[in-house]
Structures are given as structure tokens and as C-alpha cells.
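Subject: Structure handover

Hello,

Here is the structure I promised you. Please open it next to this message and read the two together.

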Amino acid sequence: MYWWRLVNSMAPSNQQAIIRKVSLTNTSSAVALVDIYLVPSGASATDTYRVIKSLAIAPNQTIEPTACNQVLDAGGSIQAVSSVASAITIMASGIEYVA
């Protein structure tokens with residue numbers, strides 16, 4: 001399994017981020033299975049924090065999962081794991097606000 005991680009580390013402790021859109025593109029020639037986790041600061045990517053499980057992405061396909069409008073606290077991270085090395089490009093966008 002091959003991990004990817006984006007940390008909301010720039011926000012002060014009283015800010016949160018709302019993830020509005022995520023897109024995943026498989027740039028490889030093989031089907032890739034992807035799990036996505038929204039992990040609080042200091043925690044690990046476990047089943048408790050998984051929001052998408054075993055999403056199959058075909059070669060050269062882009063998918064925009066519907067697991068958006070999730071809140072990520074300061075220091076939290078979006079983490080993903082793929083069954084194929086260097087296969088998935090992830091783009092995430094959202095807004096930060098004072099909690």
C-alpha cells in the first residue's frame with residue numbers, strides 16, 4: 001500500500017477547514033483501489049477515520065467522491081492509501097474559518 005498525506009498544519013488552533021471538493025486521478029495503467037481518511041491531529045489513519053473504502057479508479061480516470069463538506073480541525077490531515085504506487089493524483093480544496 002502506498003500512502004499520501006495532506007496536513008492542515010497552517011491553521012491556528014481555533015480554525016477549521018471544510019473540504020468542499022476532492023478529485024482523484026489514476027495516472028497509471030492499472031486499476032487502483034483507494035481508501036481516504038480524515039484524521040484528527042495526533043491520531044492515525046484507522047477504520048474510525050476512514051470516509052472512503054476501496055474506491056476503484058480505472059486507468060486515466062478522474063473521480064470526484066461525494067464525501068465532501070467534511071470538517072478538518074487544525075493539525076488534522078487528509079490521508080489516502082492506494083494499491084498501486086505513484087498511481088493517484090489527489091486535489092483537495094475547501095475553506096478555512098474560525099471555529
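Is N60 buried or exposed? N60 is exposed, because its relative accessible area is 66%. (Buried means under 20% relative accessible area, exposed over 50%, partly exposed in between, with a 1.4 Å probe and protein chains only.) N60 sits in the loop between β4 and β5. Its phi is positive, about 60°, although N60 is not a glycine. Most residues other than glycine have a negative phi. S86 also has a positive phi, near 55°, and is not a glycine either. S86 belongs to the loop between β7 and β8. With a relative accessible area of 72%, S86 is exposed.

Some ground rules. This is a predicted model, in which local features need pLDDT of at least 70, side-chain atom pairs count only at pLDDT 80 or more, and totals for chains, interfaces and linings use all residues. Residues are numbered from 1 along each chain as its sequence is written, and side-chain values use heavy atoms, with hydrogens and water left out.

Confidence

pLDDT is the predictor's confidence in each residue, from 0 to 100. The chain averages 85, and 86% of the residues score at least 70. Confidence is lowest in strand β1 (residues 2-7), with a mean of 56. It is highest in β5, at 96.

Overall layout

The chain has eight strands and zero helices. (Both are DSSP runs numbered from the N terminus: helices are H or I with at least four residues, strands are E with at least two.) Along the sequence the pattern reads β-β-β-β-β-β-β-β. Of the 99 residues, 36% are buried. Take the contacts with a separation of 6 or more: 80% of them join residues 24 or more positions apart. (Contact means heavy atoms within 4.5 Å.) The accessible surface is about 5600 Å², and carbon and sulfur atoms hold 51% of it. (Areas come from the Shrake-Rupley method with a 1.4 Å probe; for residues, only the protein chains shown count as cover.)

Strand β2

Start here when you look at the pairing. Strand β2 covers residues 15-26, and nine of its 12 residues are buried, so β2 is largely enclosed by the rest of the structure. (Two strands pair if DSSP finds at least two bridges between them.)

- β2 and strand β8 (residues 88-98) run antiparallel, joined by 11 bridges. N26 has I88 as its bridge partner in β8.
- β2 and strand β6 (residues 70-73) are antiparallel too, over four bridges. Here I18 is opposite V71.
- β2 and strand β5 (residues 62-63) are antiparallel, with two bridges. T25 is opposite T62.

Q16 and its partners

Q16 is in strand β2. Q16 counts as buried because its relative accessibility is 18%. Which side chains does Q16 reach through polar contacts? One is the side chain of D73, at 2.4 Å. Another is the side chain of Y97, at 2.6 Å. (A polar contact is a pair of N or O atoms within 3.5 Å; within protein, one must be able to donate a hydrogen and the other to accept it, and residues adjacent in sequence count only if both atoms are side-chain atoms.) Beyond its neighbours within four places in sequence, Q16 also contacts other residues, including V71, L72 and I95.

D73 is in strand β6. At 42% relative accessibility, D73 is partly exposed. D73 and V39 are 34 residues apart in sequence, yet 9.1 Å apart in space, C-alpha to C-alpha.

The nonpolar core

The largest nonpolar core has 17 residues. (Such a core is a set of buried Ala, Val, Leu, Ile, Met, Phe, Trp, Tyr and Cys residues joined through side-chain atoms within 4.5 Å.) L24, V34, I36 and I88 have the most contacts inside it. The elements giving two or more residues to this core are β2, β3, β4 (50-57), β7 (77-82) and β8.

Y37 is in strand β3 (residues 32-39). At 6% relative accessibility, Y37 is buried. Y37 and V81 are 44 residues apart in sequence and 8.7 Å apart in space, C-alpha to C-alpha.

Q79 is in strand β7. Q79 is buried, with a relative accessible area of 10%. Its side chain makes a polar contact of 2.8 Å with the side chain of S77.

Best wishes
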